[in-house]
Each structure stands twice: as structure tokens, then as C-alpha cells.
Amino acid sequence: MKAYSLDLRQKIVDVYACGDISQRKLAKNFGVTLSFVQNLLKRHRELGTIVPKVRIEQTPTKLNAEQLEILRQLVTAQPDATLSELRERLYEKTEVLIGVATVNRMVRWKLHLNLKKKSPPHQKRQ
């Protein structure tokens, strides 16, 4: 999600500084959440700045290179396996338990693989 502009942040702080509006009304008037207004005003009060926080460190990957290679082998061996099945098999081999969404991210973004879709058996039309 992209950070709110400095212009919007400054307007919120300026309007609140006038002192005749609640944080709830301020949030409603500017179309932002109450928690954003609270955090912005706290940041302005404590640090004297309204600039958004900069993310310095990327969240580390859930699987290391060896575990990713095992996942690659599992997908290659059975490309029509569901994400849940891959998750269970990965746990059996590595004892690392990750969520289904994480399996999906690792397969698609880290390994650049696609899973085959299982097609349902054809049913006779009546």
C-alpha cells in the first residue's frame, strides 16, 4: 500500500492544530482511518515529523534455499498437487510448517512455477 502524501498529512495536522475538531471527525472528513490520524498526530508530537516510516529491512523468506529446492522437486514430481498437499509433503520432508498462501507465494514468485489445475471429471448432460 502506498503511503499518504505529505500534503494530506500536513493538512490533517494543520486542521487538528486549530483545536476545534475531534480526531474521529478529522478522519471522516479526510477519508482516512482513525488509527492513521492517531498515529500521525502521535508521530508529529513525539518526533516532530509527518513523513511516513521507511521500511529498512525486508521480511526474510520463510524457506531457505534447501527447502525451496525440496518444494521445487515436489512440484515437479506432481504438478497437479494442491497447495494443501504440497504444504503437507513439505512438512513431512523438512518439518517446516508454512501456510497455504506462503506455499503459493514460494511456488509462484520464488520458484517461478505454475501448478496444473485439476479439472473435474465430465458429467453427462441430461
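In which hand, left or right, does helix 1 pass helix 2? In this predicted model, helix 1 passes helix 2 in a right-handed crossing. On the side of helix 1 the contact is made by L8, K11, I12, V15 and Y16, and on the side of helix 2 by Q23, L26 and F30. As for the geometry, the axes of helix 1, which covers residues 6-17, and helix 2, which covers residues 23-30, come within 11 Å and cross at roughly 145 degrees.

The charged pairs come next. Side chains of opposite charge can pair when their charged atoms come close. A search of the whole structure finds two salt bridges, and they are set out here.

| Salt bridge | N to O distance | Location |
|---|---|---|
| K11 and D7 | 3.5 Å | helix 1 |
| R72 and E69 | 3.6 Å | helix 4 |

K11, which takes part in the contact with helix 2, also meets D7 through its side chain in a salt bridge. K11 and D7 both lie in helix 1 and are four residues apart, which is about one turn of the helix. K11 counts as partly exposed because its relative accessibility is 43%, a value between the 20% and 50% cut-offs.

The other pair, R72 and E69, lies in helix 4 (residues 65-77), where the two residues are three residues apart, again about one turn of the helix. R72 counts as partly exposed at 29% relative accessibility, and E69 is partly exposed as well, with a relative accessible area of 38%.

How values were computed: Residues numbered from 1 in each chain as written. Predicted model: local features only at pLDDT ≥ 70, side-chain atom pairs only at ≥ 80, totals over all residues. Heavy atoms only, no water. Axes fitted to C-alpha atoms, helices over the stretch in contact; angles between N-to-C directions. Left-handed = near helix turned anticlockwise from the far one by under 90°. Contact = heavy atoms within 4.5 Å. Salt bridge = Lys/Arg side-chain N within 4 Å of Asp/Glu carboxyl O. Buried < 20%, exposed > 50% of the residue type's maximum accessible area, 1.4 Å probe, protein only.
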